[in-house]
Amino acid sequence: MLPALRRERILREVQDQGTTSIAELSRRYGVSEMTIRRDLQALADAGQIRRTHGGALRQSEAAIEPRYAAKQDLNAATKAAIAHYAASQLVEDGDIIILEGGTTVTTMARHLAARRGLTILTNGLYTTNELRRLMPDATIICCGGILRDVSFTFVGPSAERFFAEVHARTVFLSSTGLSVAAGCTDPNMGETQVKRAMIASASRLVALLDSSKFGVTSLVTVAQVDDIDVLVTDAAAPPAARQALQARGVDVRVA
């Protein structure tokens, strides 16, 4: 395939989905990751996309929230590996845990069936449906509130009050971006307020973030780096960033 045609297709994909990764594009087009990096850099130089470590965002995508369906398909294998690790290594029988409604965290539902006596709190409508379908014996509590059609999550004062009144061992959450300076960041203030309430109600914060999130800074900080107890990511996460996080006391795990 001619480079110009490949770049045109890559651009269309980024515009449709909001974000993409180098590894995924390399597999899809059958070229090296170095070739994809050159393609993305050419598109970035033309002002058509925004480069990130490990991939690219639609121009100004840090301030735009992709719809749930688009995020589901992005880096799906990597998200599944991260979710499996979190469910198998960081959850115990009888735990009370919070799962926010992001796609990576929701994928944990597929891997929690081996655990017994779980109480799971969430603000995700899709998450609730997945848990009920896959874990009929678990106690599942959804907060309610204002339903956002972009993310299928509940936000607003009632959702925030719900999490302010409960106590959990661990909260599992993801975010749009992660940097040492800004921490975990998201584009929607309503979503951010609920996540902060979740964090305050839990004894431990576990962040599930694939490598495409590193170096991305969105609108609002959800949690500072010092708030993160455990970060589960993939092997493509930049070593320098991982070392910087570890130096700040974050337990970095690679799924």
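Which residues of α9 are buried? In this predicted model, local features need pLDDT of at least 70, side-chain atom pairs count only at pLDDT 80 or more, and totals for chains, interfaces and linings use all residues. Residues are numbered from 1 along each chain as its sequence is written, and side-chain values use heavy atoms, with hydrogens and water left out.

In α9, the buried residues are Glu191, Thr192, Val194, Lys195, Ala197, Met198, Ile199 and Ser201. Buried means under 20% relative accessible area, exposed means over 50%, and partly exposed lies in between (1.4 Å probe, protein chains only). Helices (H or I, at least four residues) and strands (E, at least two) are DSSP runs, numbered from the N terminus. Helix α9 has 13 residues. From first C-alpha to last it reaches 19 Å, close to the 18 Å expected at 1.5 Å a residue. That expected span is 1.5 Å times one less than the number of residues.

At the start of α9, a side-chain oxygen of asparagine 188 comes to within 3.0 Å of the backbone nitrogen of glycine 190. Glutamate 191 also lies in this helix. Glutamate 191 counts as buried because its relative accessibility is 5%. Its side chain makes a polar contact of 3.4 Å with the side chain of asparagine 123. A polar contact is a pair of N or O atoms within 3.5 Å; within protein, one must be able to donate a hydrogen and the other to accept it, and residues adjacent in sequence count only if both atoms are side-chain atoms.

Aspartate 186 lies in strand β11 (residues 183–186). With 5% relative accessibility, aspartate 186 is buried. Its side chain is joined to that of lysine 195 by a polar contact of 2.5 Å. A polar atom of the aspartate 186 side chain also lies 2.8 Å from the backbone nitrogen of threonine 176.

Valine 220 is among the residues that aspartate 186 touches. Contact means heavy atoms within 4.5 Å. Valine 220 belongs to strand β13 and counts as buried, at 14% relative accessibility. Beyond four places in sequence, valine 220 touches Cys184, Thr185, Asp186, Met189, Thr192 and Arg196. The largest nonpolar core has 32 residues. Such a core is a set of buried Ala, Val, Leu, Ile, Met, Phe, Trp, Tyr and Cys residues joined through side-chain atoms within 4.5 Å. Phe163, Val171, Leu178, Ile228, Leu231 and Leu245 have the most contacts inside it. Two or more residues each come from β8 (153–155), α8 (157–164), β9 (168–173), α9 (189–201), β12 (202–208) and β13 (220–223). Helix α9 gives the most, with four residues. A second, separate core of 24 residues includes Ala86, Leu99, Met108 and Val230.

Phenylalanine 152 sits in the loop between β7 (146–148) and β8. Its phi is near 55°, a positive value in a residue other than glycine. Most residues other than glycine have a negative phi. Phenylalanine 152 counts as partly exposed, at 37% relative accessibility.

The largest pocket is lined by 20 residues. Ser21, Ala23, Gly54, Ser211 and Ala236 lie nearest its centre. The largest share of the lining, four residues, comes from α2. On a 1 Å grid over the protein atoms alone, a pocket is an open set of points where a 1.4 Å probe fits, with protein on both sides within 12 Å along at least five of seven lines; lining residues have an atom within 4 Å of a point.
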